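Visitor: Please take me through one part of this structure in close detail. I am new to it.

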Amino acid sequence: MKRLIANAKIINEGRSFMGSVLVEGERIAEVLEGAVPEGVLNGADEVIDATGKWLMPGVIDDQVHFRDPGLTHKGDIESESRAAVAGGVTTYMDMPNTKPQTTTIEALQGKWDRAAAVSRANYSFFFGGTNDNYAEIQRLDRSRVPGLKLFLGSSTGNMLVDQPEALARIFGESGMLIAIHAEKESIIKQHIEAYKRQYGEDLDISFHSKIRDEEACYRCSAEAVELATRLNARLHILHLSTQRELSLLSNSLPLREKKITGEVCVHHLWFHDGDYAQFGNRIKWNPAIKTLADRTALRAAVNDDTIDIVATDHAPHLLSEKEGSCLKAASGGPLIQHSLIVMLELAMEGRFTNEKVVEKMTHRPADLFRIDRRGYIRPGYYADLVLIDPQATWTVAPENILYKCGWSPFEGYTFHHAVWKTFVNGQLAYSDGQVNEAVRGQEVRYLSE
């Protein structure tokens, strides 16, 4: 089938121009600038008039927690991938802190099988490193795994890697990209005990960013950078939250030559610690939302390419699990349906350009992880595409939230862009508020060095 997406404003590879894209089957056949040739128009089986719309590559989210298996009461691959395509996300990389944890080949195969059956978006899964599973790491097919995920501080799932010999082997011998959750466990524990002694057990949300503070983040990130540099490993620091950590990164090299890279999540670009009073535990994440100065620095680091990727750390919990003190309420929240729209809203405010949003959410994830033929609007690439209506005004409300957990930290906020249509491998996965339940994504493949 030949489908022509005609007369859109195409935002791709640092440019915005009026044009059209011809899709044949699952791939992009032609990218046409200006008027559509009559022969192309007449030869299409279907023409989508995208006049007034923006056409972008589909978002690649390198950090999600879809909760499948074992935690599916609050999210699963089927439900959260539906929310993903509704948000213009066509490819995701899921994290290993599920039940069971994805730290064996058997558990990884179970996720591949589940996603092949139910995922509306393209899928991939990080493999979890532990203190004692290096033999399993050696067995991995590197073309099927984006990298290893290590928790270097306590977090949801309790996958703490803290033995020096295990870290040295993973960093020095695995030859794989290592993505880390970096918060220093010993500092966090010290802060918890100090605040409990002073204020008691029932600490409210305002203490969260004090317990998981700049020092806890920086110290852990710095130790990981030192280890990666010494052992020549590829290190990717997930969900950066502080200005100080940016000193560990550099924008002096092209992305392909960087050994140390960094990601920021949309919530750290949108919220700051002054928002705890309004939103409470709904914006409780690990790492914590930090100061206004940190947020300003993170935004600047996106613009100057110190930070390489913008993602979500999508991590749904039931609202009932988000109740209680900051020591008891679950950390994490649902984001994937709204991440692209949040970034376009910030672009509308002048914080970023639309081209920068596309670069950080599609091009750079594809390049950093060396994904096979995704992340760009190019002939021969998979037709993972999203059409944005830049004139739509809508308010996030329970009736339009697709997360299984049923809530969003953006509830009540009115956005000024909307996802109109999402294509996954040339298939129309989402259109005008409806998910195409027949669409299934593909497993992502990775190219060798």
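Guide: Strand E7 (residues 89–94) pairs with E8 in the parallel sense, over 4 bridges. Two strands pair if DSSP finds at least two bridges between them. Strands (E, at least two residues) and helices (H or I, at least four) are DSSP runs, numbered from the N terminus. This is a predicted model: local features need pLDDT of at least 70, side-chain atom pairs count only at pLDDT 80 or more, and totals for chains, interfaces and linings use all residues. Residues are numbered from 1 along each chain as its sequence is written, and side-chain values use heavy atoms, with hydrogens and water left out.

Look along the pairing. Asp94 stands opposite Phe125 in E8.

Now take in the whole sheet. It is open and has 3 strands, in the order E6-E7-E8, with parallel pairing. Its edge strands are E6 (59–64) and E8 (122–125), and each of them pairs on one side only. On average, neighbouring strands of this sheet are turned by 20° against each other, direction ignored. Axes here are lines fitted to C-alpha atoms, for helices over the stretch in contact; angles run from 0 to 180 degrees between N-to-C directions.

A helix joins the picture. Helix H3 (residues 105–118) packs on the sheet. H3 touches E7 and E8, where contact means heavy atoms within 4.5 Å. The direction of H3 makes about 170° with that of E8.
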